[in-house]
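Hi,

Here is the structure I promised to pass on to you.

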Amino acid sequence: MSNTAITPIKPNPLWEMYIQQGNTHMRDGLSSKAKAAYIQAMEIAENILEDALKKQDNMDAIHGFVISCQYLAEVYYVKGLGNETERILHRARNKTLKLMAEDSLSVEFRKEAFQAFHITNMEIVSFYRSCRCHDLVTDILRESKLHSQKFLHEINH
């Protein structure tokens, strides 16, 4: 085990700018402009994450991607586009699951993905509850429990 301290990396300024633009547009009721800004932020976050995976650094990169997806999902939700909302939330969830299972990554990196996984699950559960899709809530919670147990077993053994 390394004695090197892990320093969180500051968010990318361009990513932050697009997130702030999207937030401003949402506040002002301009959902189409917010959507465009959040898509830009998500693309930047995905590139940052891919770079972090190659270099095995910036463990926090998964969170920028998940946050971007959540904001974009909110735009779709406000516009009444439930299928798109669900799709983008599952995209974030699937990315976290993939990283959790990637045994070539450091345990610390995988733990960050695990935290992001729980955040995405809360968002999906909230979305399904708002749609009164109680069976899907139950399914997600059951699957999440199984994925969590498997992950915790893997990293503790």
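First, some ground rules. This is a predicted model, in which local features need pLDDT of at least 70 and side-chain atom pairs count only at pLDDT 80 or more, while totals for chains, interfaces and linings use all residues. Residues are numbered from 1 along each chain as its sequence is written, and side-chain values use heavy atoms, with hydrogens and water left out. Helices are DSSP runs (H or I, at least four residues), numbered from the N terminus.

**Helices α2 and α3**

Two packed helices are described by the angle between their axes and the distance between the axes. Helix α2 covers residues 31-55 and helix α3 residues 61-78; their axes come within 8 Å and cross at roughly 160 degrees. α2 is therefore roughly antiparallel to α3. The axes here are lines fitted to C-alpha atoms over the stretch in contact, with angles from 0 to 180 degrees between N-to-C directions. Angles over 145 degrees count as roughly antiparallel, under 35 as roughly parallel, 65 to 115 as roughly perpendicular and the rest as oblique.

The crossing of α2 and α3 is left-handed, that is, the near helix is turned anticlockwise from the far one by less than a right angle. Among the residues that meet are Y38, M42 and L49 in α2, and F65, L72 and V75 in α3. Sorted by class, this contact of α2 with α3 has 17 nonpolar, three polar and two charged residues. Nonpolar covers Ala, Val, Leu, Ile, Met, Phe, Trp, Tyr, Cys and Pro; charged covers Asp, Glu, Lys and Arg; the others, Gly among them, are polar.

The expected span is 1.5 Å times one less than the number of residues.The axes of α5 and helix α6 (residues 134-156) come within 10 Å and cross at roughly 170 degrees. That makes α5 roughly antiparallel to α6. Their contact divides into 13 nonpolar, five polar and four charged residues.

The crossing of α4 and α6 is left-handed. In the contact of α4 with α6 there are five nonpolar, three polar and three charged residues.

**Single residues**

Most residues other than glycine have a negative phi. Q56 has a positive phi near 60 degrees, and N58 has a positive phi near 50 degrees. Q56 lies in the loop between α2 and α3, and N58 lies in that loop too. Q56 is partly exposed at 37% relative accessibility, whereas N58 is buried at 17%. Buried means under 20% relative accessible area, exposed over 50%, and partly exposed in between (1.4 Å probe, protein chains only).

Finally, look at S31 in helix α2. S31 counts as buried, at 17% relative accessibility. Leaving aside neighbours within four places in sequence, S31 is in contact (heavy atoms within 4.5 Å) with M26, V75 and K79.

Happy exploring!

Key:
Helix = DSSP H or I, 4+ residues; strand = E, 2+ residues; numbered from the N terminus.
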